[in-house]
Amino acid sequence: MKVLVVGGGGREHAIVMKFAESTKVDALYCAPGNGGIAKYAECFPVKATDLDGIVSLAKQLAVDLVFVAPDDPLVMGMVDALQAEGFQTFGPKKNAAILEGSKVFSKELMQKYHIPTANYQVFQDPKKAVAYLQEAKTYPTVIKADGLALGKGVVIAQNEEEALAAISSIMEDRIFGDSGSQIVIEEFLTGPEVSVLCFTDGKTIQPMVSSMDHKRAYENDIGPNTGGMGTVAPNPYYTPDLAQTCMDTIFLPTIHAMQKEGRPFQGCLYFGLMLTPDGPKVIEYNCRFGDPETQVVLPLLETDLMDIILAIQEEKLDTLTIQWKKACAACVVMASGGYPKKYVTGYPISGLDENGQVNGCFVYHAGTKLDRDQICTSGGRVLGVTAIGSTLKDALHTAFDGVQKISFQDAHYRKDVGQRALKA
């Protein structure tokens, strides 16, 4: 089969590498790709959000499958556009991708179908949002832009000053554009966080290995939210009993709710969970593989990814037993100094071999480009240095050892990735 992967980050690099292992894949393409992906797949300079451009490229390459990885094109309806032209796809249609595309939709769905989540209020008027906060006086509180915001549309306000600043920047300054036309204000939940990616064909749901993300920019979980500064798998807080509870109260109810709403979800559904004293609750849904969770989950997958995708397309996921390595994985993200705010790109990266790799790890490229033969920085999150070990401690040691071999100007990474998991 000939496969086109849409996207250009670390997640897409991990997906490309999994397809490269498949006996069923003969040719790999990526759009737009990046400096690391270009070593393993032929890349084309078509933006992931260019629906017409991707459809045209799929026709030009006569591909057998288009794997749409990022949230923006899924929410825009890229899968619908490709299927209308007869292409096999991986990813949900537009009417199902709304689960991530609108926080308001997802919260109302959970309320309607009694899926456990934080208490919340929705606001279209910033003045009413401010009045609500000033009356409630409950902090910390969580403020979310309704739409997509590169994983940065969530503010955990510690006090009224921070909360009012968040409302002003999201709703009045429109720092996230139209994504800020509505906001959700919800209660702050406490407990260990867990990310669970799941394969689903719309009827059956099969969870992948759990993981733990590190969202904040700096050590000890301080600083602004990012797209993710590192991750480990499996998540030690996510016990078999908790997994069963989540299947019964969250995963299956969500799939059934989407069916009942006439929005069957096929593809990868991501559950961001908080293990609260009152039981697991949903923080957020994503309509695709998470980044950087994919960089630790897919390396542990033993079953051929193409077999899973074919089972999903035929709605026969219930007939497939998905196998996982009995091991641990850790990913440390190396970011540009200043990320997630202002940062400079274009710096050469040293310490990588000709394939953009280092010994002992696999380096997933997130924000890199090839400048002749030199790999340079081109984004906020630059590299995801990933290692597998028999224990989490081993995987982390190897990953950090790999980070020490790589350098670029103003490189920044969290030195405490995985420390909470080691204390579990």
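Arginine 288 and glutamate 100 are both buried. This is a predicted model, so please keep that in mind throughout. The two side chains form a salt bridge, with 2.7 Å between the closest N and O atoms. Where do arginine 288 and glutamate 100 lie? Arginine 288 is in the loop between β17 and α10, which spans 294–297, while glutamate 100 belongs to helix α5, residues 94–101. The pair therefore ties together parts of the chain that are 188 residues apart in sequence. In general, side chains of opposite charge can pair when their charged atoms come close.

Arginine 288 turns up again in the lining of the largest cavity. Its neighbours in that lining include Phe67, Val68, Phe90, Pro92, Cys268, Cys287 and Phe289. How much space lies in the largest cavity? About 40 Å³. By class, the lining has nine nonpolar residues, one polar and one charged. Arginine is counted as charged, so Arg288, which is in the lining, is that one charged residue.

Back to salt bridges. How many does the structure hold? There are 18. I will show two others.

One joins lysine 24 and aspartate 307, with a distance of 2.8 Å from N to O. Lysine 24 sits in the loop between α1 (10–21) and β2 (27–32), and aspartate 307 sits in helix α11, residues 305–313, so this contact ties together parts 283 residues apart in sequence. Buried or exposed? Lysine 24 is partly exposed, at 33% relative accessible area. Aspartate 307 also counts as partly exposed, at 26%.

The other is between arginine 414 and aspartate 221, whose side chains meet at 3.0 Å, N to O. This pair links distant parts of the chain, 193 residues apart: arginine 414 is in the loop between β23 (411–412) and α13 (419–422), and aspartate 221 is in the loop between β13 (216–218) and β14. Arginine 414 has a relative accessible area of 1%, so it is buried, the cut-off being under 20%. Aspartate 221 is partly exposed, with 29%. Which residues are linked with these two in a network of salt bridges? The network consists of Asp221, Arg414, Asp416 and Arg420.

Now the sheet. Four strands make an open sheet, in the order β11-β10-β16-β17, and their pairing is antiparallel. From one strand to the next, the twist averages 35°.

Take β17 and its partner. Strand β16, residues 267–276, pairs with β17 in the antiparallel sense over seven bridges. If you want a place to look, leucine 275 stands opposite proline 280 in β17.

β17 also takes us to the next space. The structure holds two cavities of 30 Å³ or more. Which elements each supply at least two residues of its lining? They are α6, residues 103–112, and β17, residues 279–286. The largest share, four residues, comes from α6. Among the lining residues are Lys103, Ser106, Lys107 and Met110, along with Lys144, Glu186 and Tyr285. The lining divides into three nonpolar residues, one polar and five charged.

Two or more lining residues come from each of β8 (154–157), α8 (160–172) and β14 (222–225). Which element gives the most? That is α8, with five residues. By class, the lining has 10 nonpolar, four polar and four charged residues.

How values were computed. Residues numbered from 1 in each chain as written. Predicted model: local features only at pLDDT ≥ 70, side-chain atom pairs only at ≥ 80, totals over all residues. Heavy atoms only, no water. 1 Å grid on protein atoms, 1.4 Å probe; cavity = no way out; pocket = protein on both sides within 12 Å on 5 of 7 lines; lining within 4 Å. Points joined across faces, edges and corners; volume = space filled by probe spheres on them. Pairing = 2+ DSSP bridges. Axes fitted to C-alpha atoms, helices over the stretch in contact; angles between N-to-C directions. Salt bridge = Lys/Arg side-chain N within 4 Å of Asp/Glu carboxyl O. Buried < 20%, exposed > 50% of the residue type's maximum accessible area, 1.4 Å probe, protein only.
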